[in-house]
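Colleague: I am new to this structure and would like to know how its terms are applied. Please take me through them.

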Amino acid sequence: TRYESGSVSARELDENGDGRPDVWESYAGGRMTSREVDREGDGERDAFYVFEGGSLTRERHDTSGDGRIDRIVEYRDRRLVRVQEDRNGSGQMDTWTHYQPLGDREIVARVERDTDGDGSPDTFEVYEEFEGETVLARREEDKNGDGVIDVKSFYEKGKLQRREISDPELVPL
């Protein structure tokens, strides 16, 4: 533990008992500002947490152990608002999940996906609550990469009801 002006400014912890630090914390004004963790015990930090005003605001994770951040979690007012993920292991984020509050929990409101690997989303899904479950309500897709939605799929109670295809070259899907 390090101190500045009588207050804790940083700590290194050995939480797994192997004799080496696996948690690094920074403090300002008596509150934690960051926490870095070596979850695998390999000496590499793979989870990073940022705190503002005593609240967690951002997490960054290397979930695959390749040394690259592949999951970012964002909070606002102590509520989950967005998760970014590199699900295909390409090194760039390809899935963005947006959450909205519902009572005392957060539910998926929208998911954006980059299915063609160009760095920007081309598939957009909107979700709604149905009988206590989060279900797909609408999916919009840019199939040919021109930046215009080509396929709109509409769901009721999570089941496909109708599909609209604006580009005749995509028929049949």
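**Terms and values**

Modeller: Arg35 is part of strand E4, which covers residues 31–37. Strands (E, at least two residues) and helices (H or I, at least four) are DSSP runs, numbered from the N terminus. This is a predicted model, in which local features need pLDDT of at least 70 and side-chain atom pairs count only at pLDDT 80 or more, while totals for chains, interfaces and linings use all residues. Residues are numbered from 1 along each chain as its sequence is written, and side-chain values use heavy atoms, with hydrogens and water left out.

Colleague: Why is Arg35 called buried?

Modeller: Buried means under 20% relative accessible area, exposed means over 50%, and partly exposed lies in between (1.4 Å probe, protein chains only). Arg35 has a relative accessible area of 19%, so Arg35 is buried.

Colleague: Which residues does Arg35 touch?

Modeller: Contact means heavy atoms within 4.5 Å. Leaving out residues up to four places away in sequence, Arg35 touches Leu13, Glu15, Val23, Trp24, Glu25, Ala47, Phe48, Tyr49 and Phe51.

Colleague: What makes the pair Arg35 and Glu15 a salt bridge?

Modeller: A salt bridge is a side-chain nitrogen of Lys or Arg within 4 Å of a carboxyl oxygen of Asp or Glu. For Arg35 and Glu15 the N to O distance is 3.5 Å, and the pair counts as a salt bridge. Arg35 lies in strand E4 and Glu15 in the loop between strand E2 (7–13) and strand E3 (23–28), so the pair ties together parts that are 20 residues apart in sequence. Glu15 counts as exposed because its relative accessibility is 53%.

Colleague: How many salt bridges does this rule give?

Modeller: The count comes to 19 salt bridges. One of them joins Arg68 and Asp66, at 3.2 Å from N to O. Arg68 has a relative accessible area of 38%, so Arg68 is partly exposed. Asp66 is partly exposed as well, with a relative accessible area of 41%.

Colleague: What is the distance between the closest N and O atoms of Glu125 and Arg139?

Modeller: Those atoms are 2.8 Å apart, and Glu125 forms a salt bridge with Arg139. The pair links distant parts of the chain, with Glu125 in strand E11 (residues 123–130) and Arg139 in strand E12 (residues 133–141), 14 residues apart. Glu125 is buried because its relative accessible area is 4%. Arg139, at 21% relative accessibility, counts as partly exposed. Elsewhere, salt bridges that share partners join Arg11, Glu15, Glu25 and Arg35 into one network.

Colleague: Is Glu25 buried or exposed?

Modeller: Glu25 has a relative accessible area of 3%, so Glu25 is buried. Glu25 lies in strand E3.

Colleague: What joins the side chains of Glu25 and Arg11?

Modeller: A polar contact of 2.8 Å joins them. A polar contact is a pair of N or O atoms within 3.5 Å; within protein, one must be able to donate a hydrogen and the other to accept it, and residues adjacent in sequence count only if both atoms are side-chain atoms. The side chains of Glu25 and Arg35 also make a polar contact, at 2.2 Å.

Colleague: Which residues make up the largest nonpolar core?

Modeller: A nonpolar core is a set of buried Ala, Val, Leu, Ile, Met, Phe, Trp, Tyr and Cys residues joined through side-chain atoms within 4.5 Å. The largest one has 5 residues: Val23, Val37, Ala47, Tyr49 and Phe51. Strand E5 (residues 47–52) gives the most to this core, with 3 residues. Tyr49 has contacts beyond four places in sequence with residues including Thr33, Arg35, Val37 and Leu56.

Colleague: Why does Leu56 count as partly exposed?

Modeller: Leu56 has 23% relative accessibility, so Leu56 counts as partly exposed. Leu56 lies in strand E6 (residues 55–61).

Colleague: How do you know that the charged end of Arg45 sits over the ring of Trp24?

Modeller: A charge sits over a ring if NZ of Lys or CZ of Arg is within 6 Å of the ring centre and within 35 degrees of the ring normal. The charged end of Arg45 is 3.8 Å from the centre of the Trp24 ring and sits over that ring. The charged end of Arg162 sits over the ring of Phe154, 4.1 Å from its centre.
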